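Below is a short report for a reader new to this structure. Please look over the sequence and the model before reading on.

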Amino acid sequence: MNSNPILSFAKKSLQLEYEAVGKLFDCIDKKFEEVLKILHNCSGRIIVTGVGKSGLIAQKIVATLNSTGTPAVYVHAGDASHGDLGSIQKEDVVLCLSKSGQSSEIDFLIPYLKKQKNTLIAFTSNQDSKLALQSDFVIQIPDTPEADQNNIAPTTSTTLQIILGDIMAVCLMHLKDFKIEDFAQIHPGGQLGKKLNLTIGQMVLQHTKAAVESTAMMKNVLHEITSKRLGATVVLDKNRIVGFITDGDIRRMLEKHIQIGDLTAVDIMTPNPFKMKASTKAVSALRLMNQKKINHLVVCDDHEAYLGIVHILDFTKEGLKDE
């Protein structure tokens, strides 16, 4: 099969969606700002509803709102008449997605919302539809051609819905002054949660503490480094961190001294090693280790009591990288 016609059609479809997205700038106006204020000041939740592909987009918008600090619930317009109306409370604001604004499921939903006095916001392309006429606020989505050859499959229209939903969500984040700490609190799982929440204090728990006294002989220092398998050990003086020794330090010492058996930890250690508190985020620690070109990091508590060592490879095992 000659691929040129296929590629030509693919690019034509992409061009249609690209041009449609550009028309969304006209939607970002005073009315959109007013809708954002209504959503921001909502004392309940944002109920997002729709039918068919619009219903699927509604679910994504709900997920984005919830993950960015705005409580939201998805209600399928078709299921509303079978008991799901009970999930819509009087203080909730309802956002309804429908390109045509005309469907029996939505027609059924509107009288209930009016009776309960919910604020109804419509995302629709049809200003003359029953949904638009019955809504308190209407964001008119550009009525642009769909991306398929028959102009029938919801493609371009759903792209515009999802983009407007994303813009709405990030604007609400801005209004709420939603910070990365807030984001971390509701994203504890997965790699994103790990990146936002994992501390070096949690990482250090996987290792047994490697430590020797400042008076320890080299035989004991070597045994500690070997047995703890961290390639290094902290040097303590009455539980106070005074130095740090790596296996590289020992190799360099061997190059200078034929006999090192009489040396003690204090003779070979690097004094006053760099330390970080256990509460430090792992990604911040990794960034600093890369900047300083070090493979080990001494971890202590708020009172500088020694807790352990983390190795650069520990971050790799956690799936973290410096960005």
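Strand S11 (residues 296-300) pairs with S12 in the antiparallel sense, over five bridges. Strands here are DSSP E runs of at least two residues, and helices are H or I runs of at least four, numbered from the N terminus; two strands pair if DSSP finds at least two bridges between them. Leu-297 has Val-310 in S12 as its bridge partner.

The open sheet holds three strands in the order S10-S11-S12, with mixed pairing. Its edge strands, S10 (275-277) and S12 (306-311), each pair on one side only. On average, neighbouring strands are turned by 35 degrees against each other, direction ignored. Helix H13 (residues 282-292) packs on this sheet and touches S10, S11 and S12; its direction makes about 135 degrees with that of S11. Contact means heavy atoms within 4.5 Å. Axes are lines fitted to C-alpha atoms, for helices over the stretch in contact, and angles run from 0 to 180 degrees between N-to-C directions.

## Basis of the model

The model is predicted: local features need pLDDT of at least 70, side-chain atom pairs count only at pLDDT 80 or more, and totals for chains, interfaces and linings use all residues. Residues are numbered from 1 along each chain as its sequence is written, and side-chain values use heavy atoms, leaving out hydrogens and water.

## The nonpolar cores

The largest nonpolar core has 29 residues, and Leu-39, Leu-97 and Phe-123 are among those with the most contacts inside it. A second, separate core of 18 residues includes Val-204, Ile-312, Phe-315 and Leu-320. Such a core is a set of buried Ala, Val, Leu, Ile, Met, Phe, Trp, Tyr and Cys residues joined through side-chain atoms within 4.5 Å, where buried means under 20% relative accessible area (1.4 Å probe, protein chains only).

Notes. Buried means under 20% relative accessible area, exposed over 50%, partly exposed in between (1.4 Å probe, protein chains only).
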